[in-house]
Amino acid sequence: MLARRIIPCLDVRNGRVVKGKQFSSIQDVDSPTKLGKYYSDNGADELVFYDITASNEERDISLKFVSEVAKELRIPFSVGGGVRSIDDFTKLLRNGADKVSINSAAILNPNLIKEASDRFGSQCVVLSIDAKLNKDGNYKVCINGGRKETEWEAIDWAKKGVELGAGEIVLNSIDEDGMKRGFDIRLLQKITNAINVPVIASGGAGKVEHFYDAIEYANVDGVLAASVFHFGEIKISELKDYLNEKNIPVRL
Amino acid sequence: MNIIIDYGVGNLDSLKRACEEIDFPVVITNEIEVIEEASSIILPGVGAYEAAMNELNRLGLVDCIKSKAKSGTPILGICLGMQLLYEFSEENFGAIGLGLIKGQVKRIPDIVKVPHMGWNKLNFTKQESLLKYVNEGDYVYFVHSFYISSTNDELLAYSDYGVKIPAIIQSNNIYGMQFHPEKSAETGLNLLKAFKEMCLYDSISSN
C-alpha cells in the first residue's frame with residue numbers, strides 16, 4: 001500500500017524561502033538549503049521548490065540554489081516556477097531535480113507537456129494547476145501567479161494535462177492559499193475522480209485535521225503545505241503520528 | 001573501482017552522493033576501458049527502455065556489461081536499470097534488454113494509478129544478506145510505469161500496490177532495485193550499504 005505523502009513546499013524568491021497569503025503579502029522565512037535539509041532529515045516524503053522570482057535574468061541564480069538544496073536531500077525533489085521550455089527541464093534535472101512542474105507555460109503551450117514527457121518520462125512531469133472559484137461557481141485555471149484567469153475549467157485542464165503525459169497533478173487553491181481553513185475538498189474530489197495519476201493537494205492547511213480530510217474525503221495521494229511547517233505550527237512527525245492513528249498509511 | 005554507468009539518463013549526482021555517504025567511493029563514467037576494469041557496476045536509469053538500450057549500444061557497453069556479469073562482477077540495476085537486466089520490455093513497441101535474468105517488463109495494469117509513484121513498503125520473500133540492514137515494512141521510494149511482470153527465484157522483496165511489484169532482486173552477482181535507494185532516506189542508504197558489503201565479499205571470494 002502506497003503511503004500518503006507529506007510534502008513541504010519552499011517558495012523561493014531571491015534565494016530565500018518566503019511565504020505569502022493568497023499568492024501575495026510575502027514574508028521572509030529562511031534559507032532553502034537549511035530548511036530543505038531539515039525536512040529531508042525529519043520525515044518529509046518529498047520536497048517541492050517553487051522559484052517565485054523566475055524572471056529570465058535571475059533564473060541562473062535560482063539554478064544554483066536548486067543545486068545546493070538537491071545536495072542536502074535524501075528524498076525526492078520537485079522543482080517549478082517559470083519553467084517554459086525543454087531547455088528549462090534539462091537544466092533543472094541536471095541540477096538535481098527529480099521532477100519538474102510546469103504551470104503557466106503549459107497553458108500557453110500545452111504541447112510542452114507532451115514533449116517533456118516523451119523526452120524525460122511522465123514521472124518527472126508535474127502539472128501544477130492554480131484554480132480559483134469564480135462567481136459562477138466554476139473552478140477556473142489561473143496563470144501568472146494567480147493574476148490572470150484563463151478559459152480553462154480546472155477539471156478539463158487536469159484531464160487534458162494527463163492526456164498529454166503529465167504524471168502528477170498539484171492542485172493549488174488560490175482562494176485557500178495561506179488561509180489555514182483547510183484544503184478545498186470539493187475541488188480536489190472533482191479532480192481525483194476525473195483522472196488516474198497522483199494528485200497532490202495544496203493551499204489551505206492550518207491544522208492536522210485538514211490533512212486527514214483531504215486524504216480521507218478527497219482521496220489525494222499527497223498533501224503539500226508551507227507556512228504551517230516553516231513556522232513550526234505543525235511538526236511533520238506529529239502530523240504523521242496523527243494520520244497513522246487514524247489508519248492513514250504514512251511512512252513513519 | 002566502483003562505477004556508475006553514465007549513459008545520459010537522469011541525475012546521477014544524488015546516487016553518487018548517497019554512495020559516498022556510506023563510504024562507497026564511485027566514479028561516474030561511460031568509458032568502456034574503465035568499465036571493463038570495474039570492481040562493481042551500478043546501472044542507473046530513468047526514461048525509456050529502448051532509448052536506454054540504444055544508448056548503451058551506441059557506447060559499445062552492452063557486450064562489456066554482459067561479460068562483466070558473466071565474470072562475476074557485482075552489478076546493481078536501479079529503477080529502469082533493473083528492468084534492463086531482463087530480456088525484453090513491452091514499452092513503446094517492444095525492446096530487447098541485457099538478458100542477464102530471465103523475464104519480461106510490462107506496463108503496470110491500469111487497474112491502479114500509473115505511474116506507481118511514492119513510498120511503498122518492502123515485503124520480504126527471502127532473507128538474504130542484501131536485506132540485512134533493513135526491516136520488513138520499511139518504506140522505499142518508487143517512480144515507474146513498467147514492472148517485472150513475473151519473477152522466479154531471484155525475488156527478494158516486493159511491494160504491494162494492488163499489483164505485486166518486484167522491488168529487490170538478486171541472481172548471483174546481479175542485483176536490482178526497482179525503487180530509488182538514493183531517494184529512499186535511511187532505508188535506501190542501508191540497502192546500498194549492504195550492496196557495498198556484498199561487493200567487498202564478492203571481490204574477496206573471487207580472488
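User: How much area do chain A and chain B bury between them?

Analyst: Buried area is the accessible area, taken with a 1.4 Å probe, that two parts lose on being put together, summed over both. Here chain A and chain B bury about 2400 Å² between them, 52% of it on carbon and sulfur atoms. On chain A's side, A:Leu2, A:Arg74 and A:Gln123 supply 30% of the area buried against chain B, more than any other three residues. A word on the source: this is a predicted model, where local features need pLDDT of at least 70 and side-chain atom pairs count only at pLDDT 80 or more, while totals for chains, interfaces and linings use all residues. Residues are numbered from 1 along each chain as its sequence is written, chains are lettered from A in the order in which they are written, and side-chain values use heavy atoms, with hydrogens and water left out.

User: How many residues of each chain are in contact?

Analyst: Contact means heavy atoms within 4.5 Å. By that rule, 29 residues of chain A touch 25 residues of chain B.

User: And how many salt bridges are there across the interface of chain A and chain B?

Analyst: Side chains of opposite charge can pair when their charged atoms come close. The rule for a salt bridge is a side-chain nitrogen of Lys or Arg within 4 Å of a carboxyl oxygen of Asp or Glu. It finds 3 across this interface. One joins A:Arg74 to B:Glu21, at 2.3 Å from N to O.

User: What about a salt bridge for A:Arg5?

Analyst: A:Arg5 pairs with A:Glu168, at 2.8 Å from N to O. Strands are DSSP runs (E, at least two residues) and helices are too (H or I, at least four), numbered from the N terminus. A:Arg5 is in strand S1 (residues 5-13) of chain A and A:Glu168 in strand S10 (residues 168-173) of chain A, so the pair ties together parts 163 residues apart in sequence. Over all chains, the count comes to 22 salt bridges.

User: Where is the cis peptide bond, and what is its omega?

Analyst: Most residues other than glycine have a negative phi, and most peptide bonds are trans. In chain B, a cis bond joins B:Val114 and B:Pro115, with omega about 5°. B:Pro115 sits in the loop between strand S7 (104-107) and strand S8 (116-121) of chain B.

User: Which residue has a positive phi although it is not a glycine?

Analyst: Look at A:Asn144, whose phi is about 55°. You'll find A:Asn144 in the loop between strand S8 (139-143) and strand S9 (148-153) of chain A.
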